[in-house]
Amino acid sequence: MNASALPCIAIAGPTASGKTAGALAVAAVLAKRLPVEIISVDSALVYRSMDIGTAKPSLAELSAVPHHLIDIRDPLHAYSAAEFVQDATRLVADIRARGALPLLVGGTMLYFKALIDGIDAMPAADPAVRAQIEARAFDVGWQALHAELALVDPVTAARLAPADSQRIQRALEVWQLSGQPLSSFHTTKTIASSASPIRAGALFSLEPQDRAWLHARIALRFDAMLQAGLVDEVRGLRARGDLHPDLPSMRCVGYRQTWEALELQASQPAGTPLNLGWLRERGVAATRQLAKRQITWLRSMPQRHQIACDAPNATAQLVQAVLQRLEMPT
């Protein structure tokens, strides 16, 4: 069967909805008919040394099916949606050239939206400019830089909190590099939706009918992360000395809350134990908020094929739906 003639399959869903298990089940069934390779659509899985808090696929899962865009960046360096679109587009072509089917799987909805709808032609990150902005923020504070942004890009400044250092930095960086406000880049796209590898009917969305079901899974998964050593993982990242909590990697859900818990512990008298109850409460709440945002993103994608991830036969439904889309007999 010619993989290049088949649509690219995408599986999206909020955190803890069962995307990894569903994707591996789909890959196992499809592998009997043609090779499958998975492209991760996850802004946290790109980072090396961040395994537990990202629920990174196990070695067995990674070896069962070829995976891409996992462990490709050091946590010190950011990875943008524009870079994802470039990498994913190239990988789709490469995978098809090998006679395999690309399977895009993940929960970073901004990446899916950028790949489907196109992305703005903003300038790439410039480490020197970013360092200069950070130095000024150290001197005058991010609130002052937010006020400065309001003078050159009032539209963007109006939607950003004065303490949102990451986005203020990016908006000022774009202004300094291009001479244009960040908001001006939302009018044109470098990649048209017609060029997207994800065509109509090929996006499958795992969404819960009962939000309480997802909340329970989120709590269980965060507990499992704590048991597996999340605190030690973040402690090791902090010990490097070159990372800080405003980096995109350290702002990932679970890592940010653990970093804060470790900082809180460090501010207490020596020997004070880590407040695991505080960490768990904040970590679970942040993950629930992430899932809520992911579901909101998904609902803005009318082209998706929705599957109830809390149904007893959700995986079987997903496999069946993908086979039907590929016009393969069950």
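Predicted model: local features only at pLDDT ≥ 70, side-chain atom pairs only at ≥ 80, totals over all residues.
Residues are numbered from 1 along each chain as its sequence is written, and side-chain values use heavy atoms, with hydrogens and water left out.

**Stop 1: α3 and α4**

Helix α3 spans residues 81-97, and α4 covers residues 109-117. Helices here are DSSP runs of H or I with at least four residues, strands are E runs of at least two, and numbering goes from the N terminus. The two helices pack at an angle of about 60°, with axes 9 Å apart. Axes are lines fitted to C-alpha atoms, for helices over the stretch in contact, and angles run from 0 to 180 degrees between N-to-C directions. So α3 and α4 are oblique to each other; under 35 degrees counts as roughly parallel, over 145 as roughly antiparallel, 65 to 115 as roughly perpendicular, and the rest as oblique.

Now show side chains. On α3, pick A81, F84, V85, A88 and T89; on α4, pick L110, Y111, A114 and L115. These make the contact, meaning heavy atoms within 4.5 Å. By class the contact has eight nonpolar residues, one polar and no charged. Nonpolar covers Ala, Val, Leu, Ile, Met, Phe, Trp, Tyr, Cys and Pro; charged covers Asp, Glu, Lys and Arg; the others, Gly among them, are polar.

**Stop 2: the sheet**

Switch to the strands. You get an open sheet of six, ordered β3-β2-β4-β1-β5-β6, with parallel pairing; two strands pair if DSSP finds at least two bridges between them. The edges are β3 (67-68) and β6 (305-308), each pairing on one side only. α4 turns up again here, packed on the sheet and touching β1, β4 and β5, with its direction at about 150° to that of β1. Helix α13 packs on the sheet too, touching β1, β5 and β6, and its direction makes about 160° with that of β6.

Zoom in on β1, residues 9-12: I9 and I11 point one way, A10 and A12 the other, and all are buried, i.e. under 20% relative accessible area with a 1.4 Å probe and protein chains only (exposed is over 50%, partly exposed in between). Four bridges link β1 to β4 (residues 101-106) in the parallel sense, with A10 partnered by L104. Toward β5 (residues 203-207) there are three bridges, also parallel, and A12 stands opposite S205.

**Stop 3: α1 on α13**

Select residues 19-30 and 314-325: the axes of α1 and α13 come within 9 Å and cross at roughly 50°. That makes α1 oblique to α13, and the crossing is right-handed. G22, A25, V26, V29 and L30 of α1 meet T315, L318, V319, V322 and L323 of α13.

**Stop 4: L45**

Last, find L45 in the loop between β2 (36-40) and α2 (59-64). At 8% relative accessibility, L45 counts as buried. Beyond its neighbours within four places in sequence, L45 has contacts including K56, P57, L69 and I70.

Technical notes: Left-handed = near helix turned anticlockwise from the far one by under 90°.
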